[in-house]
Amino acid sequence: MRNFREAPATVRVAFVSWLAAVGAGVLETLLVVIGSDVRAGLVTGLAIRAVVFVTAVVVAWQMLAGRRWARLALAAGLGVVGLSSLVADPVTWLAEGNSVATLLADSTAVDLLFGAVRSIHIVAVLSATALMFTPPSNAWFRPVPPPPGSWSAIRPPATAGRRPE
């Protein structure tokens, strides 16, 4: 495993952005719980979110350490699926002809805070996803050759002596 202190700035900022996205998700969850009278399914919803948040942090640590699978898991899981879940309702709501001006006029302080936190959440996910695929980040995720003198450095590759197919 690589030393995360050696990671390029783009990977370190992507990591911080993933943590910011998780933090925003936690705050959004708290705001929903505080601002809602509905308690049906609350425990299940909180448990699912807790698993997603903890998993995201663990995978982000692996991404910071240079694990390619972690970068791909974050990009697909949170950068595509997660981001889609963040924007689907607002986009659908706007497509139905609703007015942002009316929404703002009818919003409570909790609603406005939720919207601000959701915006931060979306920007954090977009930033983290983009930063993971910059040239310095791509170099960080390339396989590291084995150290000289190690068994894998002197062992012939598995394809040695095979004829091309």
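How many helices and how many strands does the protein chain have? The protein chain has 7 helices and 0 strands. The model is a predicted one. Read from the N terminus, its elements run α-α-α-α-α-α-α.

**The chain overall**

The protein chain holds 165 residues, and 28% of them count as buried.

**The nonpolar core**

The largest nonpolar core has 22 residues. Within this core, V11, W18, M63, L74 and M132 have the most contacts.

Take L74 as an example. Which residues does L74 touch, not counting those up to four places away in sequence? They are W18, A56, V59, A60, M63, G79 and M132. Among them, W18, M63 and M132 are also on the list of residues with the most contacts inside the core.

**How the helices pack**

| Helix pair | Angle between axes | Distance between axes |
|---|---|---|
| α1 and α2 | about 170° | 9 Å |
| α2 and α3 | about 140° | 7 Å |
| α3 and α5 | roughly 160° | within 10 Å |

Start with α1 and α2. Their axes pack at an angle of about 170°. That makes α1 roughly antiparallel to α2, because an angle over 145 degrees counts as roughly antiparallel. On the α1 side, the contact uses V11, R12, A14, F15, W18, L19, V22, G25, V26, T29 and V33. On the α2 side, L42, L46, R49, F53, A56, V57, A60, W61, M63 and L64 take part. By class, the residues of this α1 and α2 contact are 17 nonpolar, 2 polar and 2 charged.

Next come α2 and α3. Are they oblique or roughly antiparallel? With an angle of about 140°, α2 and α3 are oblique to each other. The crossing of α2 past α3 is left-handed. Here α2 brings A56, V59, A60, Q62 and M63. From α3 come W69, A70, R71, A73, L74 and L78. The contact of α2 with α3 divides into 9 nonpolar residues, 1 polar and 1 charged. A56, A60 and M63 of α2 take part in the contact with α1 and also in the contact with α3.

Last, α3 and α5. These helices cross at roughly 160°, and they are therefore roughly antiparallel to each other. Again the crossing is left-handed, with α3 passing α5. L78, G79, L83, L86 and V87 of α3 meet R118, H121, I122, V125, L126 and T129 of α5. This contact of α3 with α5 has 7 nonpolar, 3 polar and 1 charged residues. L78 of α3 takes part here and in the contact with α2.

**A closer look at T10**

T10 sits in helix α1. Is T10 buried or exposed? Its relative accessibility is 16%, so T10 counts as buried; the cut-off for buried is under 20%.

Leaving aside neighbours within four places in sequence, T10 is in contact with L131, T134, P136 and S137. T10 and S127 are 117 residues apart along the chain, yet their C-alpha atoms are separated by 9.9 Å.

Methods:
Residues numbered from 1 in each chain as written. Predicted model: local features only at pLDDT ≥ 70, side-chain atom pairs only at ≥ 80, totals over all residues. Heavy atoms only, no water. Core = buried A, V, L, I, M, F, W, Y, C linked by side-chain atoms within 4.5 Å. Buried < 20%, exposed > 50% of the residue type's maximum accessible area, 1.4 Å probe, protein only. Contact = heavy atoms within 4.5 Å. Axes fitted to C-alpha atoms, helices over the stretch in contact; angles between N-to-C directions. Helix = DSSP H or I, 4+ residues; strand = E, 2+ residues; numbered from the N terminus. Parallel < 35°, antiparallel > 145°, perpendicular 65-115°, else oblique. Left-handed = near helix turned anticlockwise from the far one by under 90°. Nonpolar A, V, L, I, M, F, W, Y, C, P; charged D, E, K, R; others polar.
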